[in-house]
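Biologist: I am new to this structure and would like to go through it with you. Could you put it on the screen?
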Amino acid sequence: MDTKELLKKVRKIEIKTRRLSDHVFGGEYHSTFKGRGMTFSEVRAYQFGDDVRSIDWNVTARYNEPFVKVFEEERELTMMLMVDVSGSEMFGTQQQIKKEVITEIAATLAFSATNNNDKIGLLLFTDQIELYIPPKKGRSHVLRIIRELLEFKPVGKNTDIKAALKYLSNVMKKKAIVFLLSDFMADDYQHTLKIIAGRHDMTGIRVFDKMEESIPNLGLVQMLDAETGSYINVNTGSKSVRRSYSKYYTDRVNYFHQSFSLSGAGIINTRTDESYVKKLLGYFKRRA
């Protein structure tokens, strides 16, 4: 992808996702993820309905009329986007592949965070750590994150969520809002997730395509394994083959739900042909 085409794609995603974060998610994000407490801002004259417990008695005595203390939420939050960039994310049979939907969701969350003056970091992973961008504030930083989501070429093909969570634990010592975006075609991460979710505000966003849920009966077909890069001949006419795949897929989806539920983390499921906007809004409103 040349620079001109990349900038055009970045701009297109910025326009779409920034509009969502400005007009749809901004308030929901702010009310869902609270700051670390309240800090004193100023005093002002007492107004009818103010809590009498907030009266500043020293200022009131000095001016011989009631004044109240005004506090502001101390935000300074950090959002970490953990994004699976393994080969399976390149799959899609609808208008968009999984990677494109994941990129839009990540960009929307990033702009929502930056609108609230929060820091945003990025961790791209496969079966290894591909890229880590430390949390920073600002639009230019978010645009860099979008560029990486669009352009980055991973070395690994498979998925190791456990290793990614361990890496996050090493680089993020303070509590963060963590969104883990993947199709979650992996296992053996439940124990590590439980530890991480105890330190951070964790949400798993599973992005999937409806054609992944089962294999249709098409006879003998050649299929590409996106995570190994090799072609294999599959007899889709065999009931046992279709049953075996269905069990493999269902087991991993169930493992995802079980792992995140047991750890107390949030769960969002969105299909490539569904509105992720409705899914995110519903999740934020339930939490708020």
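Modeller: Here it is, and we can go from the overall chain to single residues.

Biologist: What kind of model is this?

Modeller: It is a predicted model.

Biologist: How many helices and strands does the protein chain have?

Modeller: The protein chain has eight helices and 10 strands.

Biologist: And what share of the residues is buried?

Modeller: Of the 288 residues in the protein chain, 46% are buried.

Biologist: Let us look at one residue. Is V142 buried or exposed?

Modeller: V142 counts as buried because its relative accessibility is 0%, below the 20% cut-off. This residue lies in helix α4, which covers residues 139-151.

Biologist: Which residues does V142 touch, leaving aside those up to four places away in sequence?

Modeller: V142 touches A110, F111, T114 and I120. T114 is 28 residues from V142 along the chain, and their C-alpha atoms are separated by 7.9 Å.

Biologist: Changing topic to charges: how many salt bridges are there?

Modeller: The count comes to 11 salt bridges. In general, side chains of opposite charge can pair when their charged atoms come close.

Biologist: What is the distance between the closest N and O atoms of K98 and E212?

Modeller: K98 and E212 form a salt bridge in which those atoms are 2.4 Å apart. The pair links distant parts of the chain, with K98 in helix α3 (residues 98-115) and E212 in the loop between β7 (201-208) and β8 (220-225), 114 residues apart. Both K98 and E212 are buried.

Biologist: Which residues are linked with them in a network of salt bridges?

Modeller: The network links K98, D183 and E212.

Biologist: Where do D201 and R287 lie?

Modeller: D201 is in strand β7 and R287 in helix α8 (residues 276-287), 86 residues apart. They form a salt bridge too, with the closest N and O atoms 2.8 Å apart. D201 is buried, at a relative accessible area of 17%, whereas R287 counts as partly exposed at 32%.

Biologist: Finally, which residues gather in the patch of positive charge on the surface?

Modeller: The patch consists of K4, K8, K9, K12 and K153. K12 lies in helix α1 (residues 3-32). With a relative accessible area of 64%, K12 is exposed.

Technical notes. Residues numbered from 1 in each chain as written. Predicted model: local features only at pLDDT ≥ 70, side-chain atom pairs only at ≥ 80, totals over all residues. Heavy atoms only, no water. Helix = DSSP H or I, 4+ residues; strand = E, 2+ residues; numbered from the N terminus. Buried < 20%, exposed > 50% of the residue type's maximum accessible area, 1.4 Å probe, protein only. Contact = heavy atoms within 4.5 Å. Patch = residues over 30% accessible without salt bridge, like charges linked within 9 Å, V, L, I, M, F, W, Y side chains within 5 Å. Areas by Shrake-Rupley, 256 points an atom, 1.4 Å probe, with all protein chains shown as cover. Salt bridge = Lys/Arg side-chain N within 4 Å of Asp/Glu carboxyl O. Lys, Arg positive; Asp, Glu negative; His and termini not counted. Charge placed at Lys NZ, Arg CZ, Asp CG, Glu CD.
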